[in-house]
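Hi there,

Here is the structure I promised to pass on to you. Have a look at it first, and my notes on what turned up follow below.

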Amino acid sequence: MILVPITYKGGVYRHDEIIDLIADLGGYVIQKHVLATEVVLLCLVPRDDIPLIERVGKPLGGEVERSPLVGTEIAVVTPSLSIHHLPHPACDIAEYIRRLGAKSNMIGLARGYGKRVAQTSAEEREIINEHDCAVFLLGNFEHCIVRKMEALRRGIDVPIVLTGKPSTEVLRTAIDPPVAGYVGDVGRFMHRTKEADELSRLDAIVAEIVRVLDERREEIAKDPLSGSPARLMTVIQEQIPEVLAVTSPTPITVQIAGLRVKLPYAEFADRVRSAEIEEGITIGRIADVLPSRMRDYILVRIKPSSETDIVV
Amino acid sequence: MPIDHFVIESPEAGGVQSYIDIANDVLLDHTLVKAIAKLHIWIDPEYPIFIAVGKLGRLPPLVRLRDFAEVTFEPGKVKLGINEETHLAALLNRLWETYGKNRVEQPDRWSVEIADEPDLPVDRNLEELVVTDPTEGLVRDLIYALLSIAPEGFRVREYWYDDGKFWFAASENTLPDDLSGRIRALFERMGEQL
């Protein structure tokens, strides 16, 4: 059964029927937003059952859209959090990829500005490495981007998508060794992205992120994970009900190969490890349960099946 | 953009249009477009250095006491009837500096009284008192705007303003020895003399 990411938008009225339908079909609701009288569900559902969900949702005013970034957590990295980079373009890009289902986190580096002095701290690098990919938003001059990337990419293990003002081809040629993705004609700007050509650049960023993440999924598929992150999410929700009381928009953030559980590590890590997925198989057997560098959260990294000899 | 001379130059031509857009947006956001007559920016990412030189348009007039208050001399005190509160805080500061807090009273929101003592008389020409110079605020806003336009890493900065002309230089390294020569050359290219 192949699960595909979708967004369901519809009225609040009888939306629980859609949630039940998705659960019955073997899908997962990753995130649920209730906005006044509208509900938005980010889900992973079986590909063949999308027409059925559309048919059931139609009388309720529901619409189904493909959202390729559902179930991913993406770091949007800016050289700082000053007026030079925020709210445009950093917030615009973070918001845009959020609309397509990603959980985006903005990371403003403490000393990421300047071509000679740019650097990242160990904490910043570790936080970025907890994501599925990192989108670096750099500036307008090729010369500065090349020099800065040498320092900023050091210690980053996740795929990097680099954006800047020079064209994509120029960036691809200039950056050595290469990074996972490039999006040119973005750079630093000081106004909201609303014109058609600007929105097309945001679409280009999304397309590049999707391409990079698809490559990562293909890589993972060669040695599949011992369990699906979405399945582990439901296991944790069922067995640790305290997570349902967390007020964060995503108490459990689903990643491509793991989860971020927004509960204190010291108090809940052992309970997460001992949560049972199937008879005798606990999360601790198929995943590393680690302290996250983001607050005191728990990071669950699912091991590949070759390491555990288990697929649940 | 109604600026007579608006030029941005850089050895890396690819970044010029971006900085034209950034400067446009920042000056519009800070409502400085009408205040500036000429602006010439030079950015060299190699050194790296950012130099902006320019000239303000017609400067706003000084705000004098007569512009927003009526002055009445009475025996033992001078009464000021305030018509507009915008400059009241600045006025009180000026009066406190000149006459001291013990001689200045504000019985209500719209009036101020200054004790007129024979040995310490109040200036008979008080109406002409300069309360604020709006150009000071304009220059402050201008420098803030140039800080936003300049690349963020350029933390070594220097600026100068006098009589409608200004320059702002910023770099990541120490400013070059020939900075004044470069600034003078940029003024000349703008058709002005420093």
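**Cavities, pockets and a sheet**

Helix H5 (residues 142–152) of chain A gives the most to the lining of the largest cavity, with three residues. Helices here are DSSP runs of H or I with at least four residues, strands are runs of E with at least two, and both are numbered from the N terminus.

Before going further, a word on the source: this is a predicted model, in which local features need pLDDT of at least 70 and side-chain atom pairs count only at pLDDT 80 or more, while totals for chains, interfaces and linings use all residues. Residues are numbered from 1 along each chain as its sequence is written, chains are lettered from A and ligands numbered from 1 in the order in which they are written, and side-chain values use heavy atoms, with hydrogens and water left out.

**The cavities**

Three cavities of 30 Å³ or more are present in the structure. A cavity is a set of points, on a 1 Å grid over the protein atoms alone, where a 1.4 Å probe fits but cannot get out; a pocket is an open set with protein on both sides within 12 Å along at least five of seven lines; and lining residues have an atom within 4 Å of a point. Grid points are joined across faces, edges and corners, and a volume is the space filled by probe spheres set on the points.

The largest cavity has a volume of about 270 Å³. Its lining counts 19 residues, and those nearest its centre are Gly139(A), Cys144(A), Lys148(A), Pro151(B) and Glu152(B). By class, that lining holds nine nonpolar, five polar and five charged residues. For these classes, Ala, Val, Leu, Ile, Met, Phe, Trp, Tyr, Cys and Pro count as nonpolar, Asp, Glu, Lys and Arg as charged, and the others, Gly among them, as polar.

The second largest cavity has about 60 Å³ of space. Among the residues that line this cavity are Ile30(A), Gln31(A), Lys103(A), Thr250(A) and Val254(A). Strand S2 (28–35) and strand S10 (252–254) of chain A are the elements that give two or more residues to this lining, and S10(A) has the largest share, three residues. Four of the lining residues are nonpolar, six polar and one charged. Domain 2 (73–221) and domain 3 (229–308) of chain A each supply at least three residues of the lining; domain bounds come from an automatic or database domain assignment.

The largest pocket holds about 830 Å³ of space. It is lined by 27 residues, and Leu3(A), Arg217(A), Ser228(A), Pro229(A) and Ile256(A) are the closest to its centre. Strand S1 (3–11), helix H7 (196–222) and helix H8 (229–239) of chain A are the elements that give two or more residues to this lining. H7(A) provides the largest share, four residues. The lining has 18 nonpolar, six polar and three charged residues.

The second largest pocket comes to about 450 Å³. Of its 22 lining residues, Val29(A), Ile30(A), Lys32(A), Met233(A) and Gln237(A) are the closest to its centre. S2(A) gives the largest share of this lining, five residues. Where does this pocket lie? Domain 1 (3–66) and domain 3 (229–308) of chain A both give residues to the lining of the second largest pocket, so it lies between them.

**The sheet in chain B**

Chain B is divided into domain 1 (5–60 + 134–189) and domain 2 (63–132), and the C-alpha centres of these two domains are 39 Å apart. Chain B also has an open sheet of five strands, in the order S1-S2-S3-S11-S10, with mixed pairing; two strands pair if DSSP finds at least two bridges between them. Strand S1 (5–9) and strand S10 (156–162) of chain B are the edge strands, each pairing on one side only.

Strand S2 (residues 36–44) and strand S3 (residues 49–56) of chain B run antiparallel and are joined by eight bridges. Across this pair, Ile41(B) stands opposite Ala52(B) in S3(B).
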